[in-house]
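Reader: I have a model open and would like to go through it with you. Can we start with the sheets?

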Amino acid sequence: MSVACRISSIPTTVTSQSHHRSTTLTTAATLHLPVHKTPTSLRCSNSSFLNPIRISLATPIQTRTRKPTSIQMSMEAGMGIMGTKLGMMTYFEATGKVVPVTVIGFREGNVVTQVKTEDTDGYNAVQVGYRRVRDKKLTKPELGHLEKSGVIPLRHLQEFRLQSVEGFEPNQKLVLEELFNEGDLVDVSGTTIGKGFQGGIKRHNFKRGLMTHGSKSHRALGSIGAGTTPGRVYKGKKMPGQMGGTKTKIRKLKIVKIDSDLRVVMIKGAVPGKPGNLIRITPAKIVGKNIPKN
């Protein structure tokens, strides 16, 4: 797009030194200026070499309005709870089949601390607290937030964004047996075990070089890109770096056993983290069944 700036009828006086005579010229020119957004016409008044060109906007430039920011948060398929990873063991089913399971226990907690709605916060979510601690372990704002709902001091607070928050109220205790059954599929998330700075072989399963025949490249990374083309290293190149210690979710794990007496749940397979880590359990997302397609 371009804006036409028309300079019309500019009288100019040219004086010739040799013949000592003056000549008046009238010139009409059109100046094209590039504009990025809105087509706007610029009008130029009559000017000369002594008077500068005055440019006035005939049409105001429209400014772009920013859209209001919205809460970007993953919506859960249902209400979930938090637990503590205890370790792994072998579970024998009634048919004699051996199943490796992860045992997750539950301390005091899993209490609703706050219910958020679209009217008050702009989205529907339920905030849950887990693992009771002493008062001096929390700050004054944290204690004030929990006392407002009449909840005991809790270490961890997490939100579960739901499509509807009906039936939940502050200081409501969540029961595992009421939320999950044996055989259900769940999504389990937690922080993986940190392994520090590792090389390409351990971090990305690279192959090592020859250990004999005069090879000097054993566990080194090797070439990471040409010098001339592209002349740089591509983003995302698999290289040595920090390994582990990140939040990870394992999807669609099966609940094998729920023991109400021991207050533990056994989930088939491995879950992120080491024994003692915080684990988040939610119903598995199945698009079109318990989670909308959009």
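Reader: Which strands close into a barrel, and in what order?
Author: Six strands do, in the order β5-β6-β14-β13-β10-β15, with antiparallel pairing. Strands here are DSSP runs of E of at least two residues, helices are runs of H or I of at least four, and both are numbered from the N terminus. Two strands pair if DSSP finds at least two bridges between them.

Reader: What does the twist average from one strand to the next?
Author: It averages 50°. Axes are lines fitted to C-alpha atoms, for helices over the stretch in contact, and angles run from 0 to 180 degrees between N-to-C directions.

Reader: Before I go on, what sort of model is this?
Author: It is a predicted model, where local features need pLDDT of at least 70, side-chain atom pairs count only at pLDDT 80 or more, and totals for chains, interfaces and linings use all residues. Residues are numbered from 1 along each chain as its sequence is written, and side-chain values use heavy atoms, with hydrogens and water left out.

Reader: What about β13 and β14?
Author: They pair in the antiparallel sense over four bridges, β14 being residues 264-268. Lys257 has Met266 in β14 as its bridge partner. Their hairpin has four residues between the strands, and Arg263 there takes a positive phi near 55°.

Reader: Which strand holds Asn110, and what is its phi?
Author: Asn110 is in β7, and its phi is near 55°, a positive value in a residue other than glycine. Most residues other than glycine have a negative phi, and most peptide bonds are trans.

Reader: Where is there a cis peptide bond?
Author: From Thr229 to Pro230, with omega near 10°. Pro230 is in the loop between α3 (200-204) and β12 (241-243).

Reader: Which open sheet does β7 belong to?
Author: One of three strands in the order β7-β8-β9, with antiparallel pairing. The edge strands, each pairing on one side only, are β7 (109-116) and β9 (154-161). Here the twist averages 25° from one strand to the next.

Reader: How many bridges join β8 to β9?
Author: Seven, with β8 at residues 125-132 and the two running antiparallel. Gly129 has Leu157 of β9 as its bridge partner.

Reader: Which helix lies across that sheet?
Author: Helix α1 (residues 140-148) lies across β7, β8 and β9, at about 60° to β9.

Reader: New topic. What is Gln198 in contact with?
Author: Leaving aside neighbours within four places in sequence, Gln198 is in contact (heavy atoms within 4.5 Å) with Arg203, Pro240, Gly241 and Met243. Gln198 is in strand β11 (residues 196-198).
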